[in-house]
Amino acid sequence: MVEETEPLKDDEALAAELVLGLLDGDEKARALRVQLSDPKFAQTVDEWNARIDPLFQEIKEVEPVASVWDGIESRLDGGSSSSSVVVQLKRWRMGAIVSGALAACLALALIVGPGTLAPTSEPRSVAVAQLTGNIEGLVLAVSYNPETAEMRVDVDGMPETDTAPEIWVVDQDGVFRSLGQIGRDGVSEMTVPSDHREFITSAATLQLTMEPPSETPHAKPTGEPVAMGKITII
Amino acid sequence: MSQSSETDRARAQLSALIGQAADGDRQAFQDIYNLTSAKLFGVCLRILNDRQASEDALQDAYVKVWRSAGRFDAKRASPITWLATIARNTAIDRKRSGGNRVMVSDDAIKDMAADEQSALERLEKKEGADILNKCLDSLEARQRNVIRTAFFEGHSYNELAQKLGTPLGTVKSWVRRGLKRLKDCMDDG
């Protein structure tokens, strides 16, 4: 009989503790980071979720009042689903392109009369990205205007930590270039440093790590990314 | 139709609805809510034991579901587990951020419980519950108790140690040994 003496292997214990909700603060943040960066650990977490899942069956159903759904629905209007931010922005751009083209056609029609079409210049592009990771509910919606180099980051679902969220652009070379730290919640606006602007292309990703609070961007991240997303140019 | 193929079909349907919600389909999202909100509200109430706090947590949970529907992977988790886990974690976050004002009383929970089996409950697989319960029963009582209390009340190690008046190291040791035995027992089938 050895069953009493052997504790769980470290990763097994950490995964099970994360699943049960036993971890707090830094321990929890660390476990979530490992879950994101290590597929083997993520699978161990899934296995523990599956093991204890039947306990949910013991929880009785209780019908919530109807106003709960109304509250949820109103927050969907103001917010955005993971896929709809890009869709909405694309629609908006499309509208801008179409109305721009339409205006150009009308202007041309006034000058040369009907029957002739000239190519119209494309409106300037906007870069957008949606960052997510393994932290439930954490979503960052990013838009970037290359004309002004202004970046707007909308954060939702950031858990409490002692660290601060820092955003990085990562090009195909794999180098993390910091764009600075952002607020934990709501909208942050910042100007992208001039030497990093060229990296904001559809070949790059934006990534979020949790770093010691700092007024100035860090040279490189200390932790694994907790959220990431591909840049889309629209 | 057998129980298990009916279960599989209902799961596939719920997974499909989550997929549609990920594409921005509000009707699919509302269908998910109608099918699952009573279960998820039960989960929030179990953790928070406070109707108002649970309603707030439930709203947060479904907003998260809407926003992260694209990350649901039917190969990795059953849709109900995925949803219930989001609700449980959301309720735990709310409980911890609001301090420890709300303590769970088992009597209050029993009063809220309804006994009929709902459509959703019929959908859950009973075989898994049999194995888990058999294995939980094989643990020492104190190991079983800390694991069940952690799950149902959403306590951290520190909160458990406080609640039980037992040193943190001892509680950790009970939990880890219990989890080890649980895993061995369940892996043996």
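## Close-up views of a predicted two-chain model

**View 1. Chain B is built from helices.** From the N terminus on, the elements of chain B run α-α-α-α-α-α-α-α-α-α. The secondary structure of this chain amounts to 10 helices and zero strands, where helices (H or I, at least four residues) and strands (E, at least two) are DSSP runs, numbered from the N terminus. The model is predicted: local features need pLDDT of at least 70, side-chain atom pairs count only at pLDDT 80 or more, and totals for chains, interfaces and linings use all residues. Residues are numbered from 1 along each chain as its sequence is written, while chains are lettered from A and ligands numbered from 1 in the order in which they are written. Of the 189 residues of chain B, 42% count as buried; a residue is buried if 20 or more other C-beta atoms lie within 10 Å of its own, exposed if 12 or fewer, and partly exposed in between, with C-beta atoms placed from the backbone. Among contacts in chain B between residues at least 6 apart in sequence, 70% join residues at least 24 apart; a contact requires C-beta atoms, placed from the backbone, within 7 Å.

View 2. The mean pLDDT (the predictor's confidence in each residue, from 0 to 100) of chain A is 77, and 76% of its residues reach 70 or more.

**View 3. The side of chain A that touches chain B.** Here 47 residues of chain A are in contact with 59 residues of chain B. Elements giving two or more residues to this side of chain A are α1, α3 (39-52), α4 (66-78) and α5 of chain A. The largest share, six residues, comes from α4(A). By class, this side has 21 nonpolar, 12 polar and 14 charged residues; Ala, Val, Leu, Ile, Met, Phe, Trp, Tyr, Cys and Pro count as nonpolar, Asp, Glu, Lys and Arg as charged, and the others, Gly among them, as polar.

**View 4. The sheet of chain A.** Eight strands of chain A form an open sheet in the order β5-β4-β7-β8-β1-β2-β3-β6, with antiparallel pairing; two strands pair if DSSP finds at least two bridges between them. Because β5 (176-181) and β6 (186-191) of chain A stand at the edges with a single partner strand each, one side of each is left without a neighbour in the sheet. Strands β1 (residues 127-132) and β8 (residues 227-233) of chain A pair in the antiparallel sense over four bridges. In β8(A), A:T232 stands opposite A:V128.

**View 5. Surroundings of A:V142.** Strand β2 (residues 139-145) of chain A contains A:V142. This residue is buried, with 24 other C-beta atoms within 10 Å. Beyond its neighbours within four places in sequence, A:V142 is in contact with A:V128, A:A129, A:L131, A:M151, A:V153 and A:L206.

**View 6. Surroundings of B:A87.** Leaving aside neighbours within four places in sequence, B:A87 is in contact with B:L40, B:V43, B:C44, B:L58 and B:A61.

Conventions. Two residues are in contact if their C-beta atoms, placed from the backbone, lie within 7 Å.
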